[in-house]
Structure formats: structure tokens, C-alpha cells
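Here is a friendly walk through one protein model, written to be read with the sequence and the 3D view side by side. Please keep both open as you go.

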Amino acid sequence: MSFRILIRLPNWLGDMVIATPALQVLREKCPKAHITILALSGVSSALQGHPAINRVLTYDRSGRERGLSGLWSLANRLREEDFDLAYVFPNSFASALPVWLARIPERIGYATDGRSLLLTRALKKPSQLAHWHQSAMYASLVLGEAQKETPPPRWVVCAEERREAESLLRQSGIKRGRPLLALNPGSVNSAAKRWPVERYAYVARWAVECAGWDVVILGGGSDREAGANIATLSRVPLAMLAGQTSLRQFMGILSIADLVLSNDSGGMHVAAALQRPQLSLFGSTDAVTTGPLGPNQYIVRKPVGCSPCVQPVCKEEQHFCMLRIGEEEVVDILAWIYETHHEPGAKP
């Protein structure tokens, strides 16, 4: 019987992407182990088909695993799985409690949030992690020592899902005879990360009228209003699918996009994990520690004295760090990225 490992992943989509290089590191470390991930029900489908894992377990903290009774229910489910080892990636006390209640023999995580007694190995965070990309935090936990370099995340979209994405675009009026630019203008719970919708609309209009591209607007339910405003302000035909797709459909459309323009968001990390050429706009957050991982990633950042503040809402009257990123500069970079990745002999 193979050694059974559980990995408790972070809740947020972007953090989950950042954590997945550690899954690949663990698979190389334990090639014959049976690796199960535990992820929030709303985002767990994103790791469907990931080559480093054998199984996905989900939990629903707003439903059956809500509150103390739900926590006990989750622990009982984990106990029945008979895991040998659990890695707890999030730093919270609450994330370690179910694996302790489940009596998993070996429980490894960082000694944070007063949870050391819940872990059999509570590791001190290496001081270097404060200056490295956040992915190093998870890889270092798996390896048991500081590890700066991590493999890029590689997420999987199957051929059938790509065909479904093509169908969704056709239903939205895009015939797919031209290059496709995907706009990802949202950022959950952080207005400070958002580039103005008027500037996204300018880019959309330029893409359709000047570059001869098709444009699709993507995002979650909280991005529906921003997407609708961009569609209205752009005054050009495009596909407004923000808040209208499942997570897997969102991934499918991203996987066939020729180019992506995004704020710092979970969607940005997903596009990077799908290895799409992408321009990401950074202001209040730190691209060194939370930037997109992998090939074909480009970043525009115009720092001011107060950035990166890592605050969800700008404290200044003017949102200087994002407003300094101009529309003309963005369209020039997008044109250059497209030419770079689609010239003869360039990798798709």
C-alpha cells in the first residue's frame, strides 16, 4: 500500500496557483506516494487533471463544514482516509486543527498563529522567505529547508474543454478568425489592484479597431459590473463573459487566448499557470513576492513613494501607482508581446 499524503492548500485561487509548484516538488521527492489535496469547494476544480496529484478532496466552509460541527465533520472524513502525513500550507490555526483532530500521524507546517502544538513538526520560517517569491514558502516546507527556485506551475486544460471554450466564444459573437485578447480587469477584495475601467475600454477599442484582434472580458461574479462598464465604454463588439463562466470554462478560454491583460489577481496567476503570454499591471502589491510565475510573463509597475503598500484600498486621494500606467504604454507593450510570441519560429 502506497504512502498516503494530504496537502491542505490555501483558500484563494491565486494563492493556490502559487502553492502548486510545491506539489511538483513533492511528487519528485515522493514519486510513489498517493498525494491528495484538500481545497475549498469553489476552487478545487482548478486542479482537475494535475499530474502531481492523485485525488482532490473538497470542503465547504459555508455549507456542511461550517462552524465547529462542520470542522468535526471534516476531521472525521480525513480520519477515514487513513493518511500517513499531512502538509498544512496555510499559516492559520484553523487550517491545522482538522488534521490534528483527524489524528494524522505526521503533521507538518510552519510554527505560526500559535498552532505548534497541533503539528508534529512545526518549522520556523526561514528569514530569506520574506524576500523571495511566495511559492518558495510552500516548496521550502515540503523540502524541510529554504528553497528559492521553484518549478513554474503547470495547470491542465483538456482538448474537450478547449472546444467548449471555442463554442462559448462563438455564442458570444467571436468567430475565432483573429487573435484573441483576454482582459481580466478584476481583483477580489482589493480595489487598489484595479486599473481603471476606462483604460481597459481604451485597450479593448484599440485591440478591435487598430490591431484587428478579438476581445473577451473574463472574471468572476464580483467582476461583472467592471466588465459590463468596459464593454459599454469601449463601443466595440466584444465578448463580455465576466461572471458568466465556471472556473473550468474560465480556464478553457484563457488556454486559447493569444494574449492576456490582467490586474494582479487570481486570474492572472491562472493565466500564468496555463503559460499564456500575459501583461500584468502592478501597483499596490509586490511583483517580486507575488508576481505571475512561468514563461511569457511581463509586468508593468510604476512605483510611487507609498508602494507597495499591500493595502486593499488606496489611502491617497489619487490612485497614483495605477494611474501612472498609461493606456498608450500598455497597448505598445501588448503589440510587442504579440509580435514576439507570434513571429515566424516563435513558440506559441
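## About the model

This is a predicted model, in which local features need pLDDT of at least 70, side-chain atom pairs count only at pLDDT 80 or more, and totals for chains, interfaces and linings use all residues. Residues are numbered from 1 along each chain as its sequence is written, and side-chain values use heavy atoms, with hydrogens and water left out.

## Overall build

The protein has twelve helices and twelve strands; these are DSSP runs numbered from the N terminus, with helices being H or I of at least four residues and strands E of at least two. Along the principal axes, its C-alpha atoms fill a box of roughly 60 × 50 × 40 Å.

Take the contacts (heavy atoms within 4.5 Å) between residues at least 6 apart in sequence: 60% of them join residues at least 24 apart. Buried residues make up 53% of the 348, where buried means under 20% relative accessible area, exposed over 50% and partly exposed in between, with a 1.4 Å probe and protein chains only.

In soluble globular proteins, nonpolar side chains tend to be buried together. A nonpolar core here is a set of buried Ala, Val, Leu, Ile, Met, Phe, Trp, Tyr and Cys residues joined through side-chain atoms within 4.5 Å. The largest one has 79 residues, and Ile7, Leu9, Phe89 and Trp155 touch the most other members. Helix α1 (residues 13-29) gives the most to this core, with nine residues.

Which residues is Phe89 in contact with, leaving aside neighbours within four places in sequence? Among them are Ile7, Arg8, Leu9 and Pro10, along with Ala19, Ala22, Tyr138, Leu141 and Val142. A second, separate core of 31 residues includes Leu181, Ala201, Val215 and Ile325.

## Loops worth a look

Most residues other than glycine have a negative phi, and most peptide bonds are trans. Gln275, in the loop between α9 (266-273) and β11 (278-282), has a positive phi near 60°. Because its relative accessibility is 24%, Gln275 counts as partly exposed. Asn296 also is not a glycine and has a positive phi, of about 65°; its place is the loop between α10 (287-290) and β12 (297-301). Gly294 lies in the loop between α10 and β12 and is partly exposed at 38% relative accessibility.

Not counting residues up to four places away in sequence, Lys32 touches Ser2 and Arg27. Lys32 and Asp113 are 33 Å apart, C-alpha to C-alpha, and 81 residues apart in sequence.
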